[in-house]
Amino acid sequence: MEQQQTNGQPAATASKDSKGAKGTKDPKSALMRTAFMDVGVPLGLYYGLRAAGLGQWLSLLISGALPLGQLVYKMVTERRVASVTLFTLSVMACGTAITLVTGDARLLLARESYLTGLLGLWMIGTLFAKRPFMFTTMVKMLPEETARTWLSNWEQHARFRSVMRWMSVAWGAAFLIDSAARIVMAYTLPVDLVPVLSVVMLVGMLMIVVKVSKAYGRRVMANLA
């Protein structure tokens, strides 16, 4: 039987290519899904449980256990333990264990500050690595041709390397500020107000840092071109 053709290609090959294109990972879509599952769902679950009459501590504990479960599921399904995943899981598990002993809702709220604070310190700590956080993270998300340009600029231009390091410091400082603000909110504001304010603060902080980083990065890249 004659094999059907699609745009000059065998139908089977065209179908395979189409599936491959659909299966290509979109970094922005993946980030949105992660944010929804790690932030949006737990937040909605907390206020849903509160509306159902559960106490603050138990509602925080249950909604906070959801991201922990997702991390464990990821480790099991991928059959590997990424260092970042293990780090996050360890911090969250330790924070949860402490609050189980104390039963303190405010301590449970402050648990999130441990993670953002350590993350900020790690970002700044990458200045002592071969390549800083901002460079290694962005190269993985950029299109292949742009990534090659960044790698070339890193090897050839001292100013580009300096910018990447300063941007890493800026991101690290932003997460440290977020960590300090979470602790202040956890112990000064009404408990039921803190979860949503924490999310608003984090989103606002990230939007500001991303916009400033992009504007600064474009200007530097234009000067290097």
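Gly172 lies in helix 8, which spans residues 158-188. The model is a predicted one, and among the elements of the chain helix 8 has the highest mean pLDDT, at 90.

**Gly172 and its surroundings**
- Gly172 counts as buried because its relative accessible area is 0%, under the 20% cut-off for that class.
- Leaving aside residues up to four places away in sequence, Gly172 touches Gly120, Met123 and Ile124.
- Thr116 is 56 residues from Gly172 along the chain, and the C-alpha atoms of the two are separated by 9.2 Å.

**Packing of helix 6 and helix 8**
- Helix 6, made up of residues 133-141, packs with helix 8 at an angle of about 100 degrees, and the axes of the two helices are 7 Å apart.
- Helix 6 is therefore roughly perpendicular to helix 8, as angles of 65 to 115 degrees are classed in this way.
- On the side of helix 6 the contact is made by Phe133, Met134 and Phe135, while helix 8 contributes Phe160, Met164, Met167, Ser168 and Trp171.
- Of the residues in this contact between helix 6 and helix 8, seven are nonpolar and one is polar, with no charged residue taking part.

**Confidence along the chain**
- The average pLDDT of the chain is 77, and 73% of the residues score at least 70.
- Helix 1, covering residues 11-22, has the lowest mean pLDDT among the elements of the chain, at 43.
- Over residues 1-25 the pLDDT stays under 50, and for this stretch the model has eleven contacts beyond four places in sequence.
- Where pLDDT is low, predicted coordinates should not be read in detail.

Conventions. Residues numbered from 1 in each chain as written. Predicted model: local features only at pLDDT ≥ 70, side-chain atom pairs only at ≥ 80, totals over all residues. Heavy atoms only, no water. Helix = DSSP H or I, 4+ residues; strand = E, 2+ residues; numbered from the N terminus. Buried < 20%, exposed > 50% of the residue type's maximum accessible area, 1.4 Å probe, protein only. Contact = heavy atoms within 4.5 Å. Axes fitted to C-alpha atoms, helices over the stretch in contact; angles between N-to-C directions. Parallel < 35°, antiparallel > 145°, perpendicular 65-115°, else oblique. Nonpolar A, V, L, I, M, F, W, Y, C, P; charged D, E, K, R; others polar. pLDDT = per-residue confidence, 0-100.
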